[in-house]
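Please examine the structure shown below together with its sequence.

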Amino acid sequence: MTHILEAAQDVLGTILSDGERFVALSFLKPHHFTEPVHRRIFETAAAKLKRGEPVSLGTMRAALMGDAGLAKFDRACGGDFLRNLWDAWRTPEYVHEMALLLAEDWVRRETVGLAREAVAMAGGVTPGSALDLLTFLRDGVETLSQQAAVSDANARPAPEVVASVVADLAERMRTGEAPGRRCGLRCIDRRMSGFLPGDVVVLAGRPSMGKTGLARAIAHGF
């Protein structure tokens, strides 16, 4: 569990010191944190950021004043636990991986718990019907899938995606480089930006308009 606790602290430190990163980590939920005090720190910071309020050491200390769990962590680290979280620097890529680790660890733990309950139901003194067992498992897996949100972790903010695409297109216009494979016919290559793997290209027209000849020219260019 040590690596999970360390991952949680890395994620919390980033959210506290750089609130803008919270948007990229918004797939995380309080239940993904195993340590109660980590959960409370996350809930407090997330609530402030969602309301547009500043997150600072002062506001966090005020919101968590008297928290016994935080006081215990202060004693364990021999100082100010929130300050330690705040001061540690992490790269965005690393923190994203740690957030994924937290979400996936929660799914594994919940899946084990669900499986144990199913085994107890199936092997009890008065086991329920097979249909009840299957319904329990189906509902449990569906609930886990909804709460996990691990698949959302790979999503990128729309402005970031748009900026990336525009920059890529601008670079291609500057260099004249086509993303796909060229056939050698400049009018085709320019309009289609080359042929990409998996493309389905339909060459249509009335009879005797040169479809076959054009197809042969394109194939010859490859």
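F33 and F42 are both buried, a term that means under 20% relative accessible area, whereas exposed means over 50% and partly exposed lies in between (1.4 Å probe, protein chains only). The model is a predicted one, in which local features need pLDDT of at least 70 and side-chain atom pairs count only at pLDDT 80 or more, while totals for chains, interfaces and linings use all residues. Residues are numbered from 1 along each chain as its sequence is written, and side-chain values use heavy atoms, with hydrogens and water left out.

A search of the whole structure finds two aromatic pairs. Rings of Phe, Tyr and Trp (its six-membered ring) form a pair if their centres lie within 6.5 Å; planes under 30 degrees apart count as stacked, over 60 as edge-to-face and the rest as tilted. The ring centres of F33 and F42 are 4.9 Å apart and the planes stand at 35°, so this pair is tilted.

The next topic is how helices cross. Helices (H or I, at least four residues) and strands (E, at least two) are DSSP runs, numbered from the N terminus. Axes are lines fitted to C-alpha atoms, for helices over the stretch in contact, and angles run from 0 to 180 degrees between N-to-C directions. The axes of α3 (residues 36-50) and α5 (residues 68-77) come within 9 Å and cross at roughly 115°. This makes α3 roughly perpendicular to α5; angles of 65 to 115 degrees count as such, under 35 as roughly parallel, over 145 as roughly antiparallel and the rest as oblique. In α3, V37, H38, R40 and I41 meet G69, L70 and F73 of α5, where contact means heavy atoms within 4.5 Å. The residues of this contact comprise four nonpolar, two polar and one charged. Here Ala, Val, Leu, Ile, Met, Phe, Trp, Tyr, Cys and Pro count as nonpolar, Asp, Glu, Lys and Arg as charged, and the others, Gly among them, as polar.

For helix α1 (residues 2-17) and helix α7 (residues 92-122), the axes come within 9 Å and cross at roughly 130°. As a result, α1 is oblique to α7. Residues of the contact include H3, I4 and D10 of α1 and Y94, M98 and D105 of α7. By class, the contact of α1 with α7 has ten nonpolar, two polar and two charged residues.

Finally, S208 is located in the loop between α10 (186-192) and α11 (211-221). S208 counts as exposed because its relative accessibility is 79%. Phi of S208 is near 60°, a positive value in a residue other than glycine.
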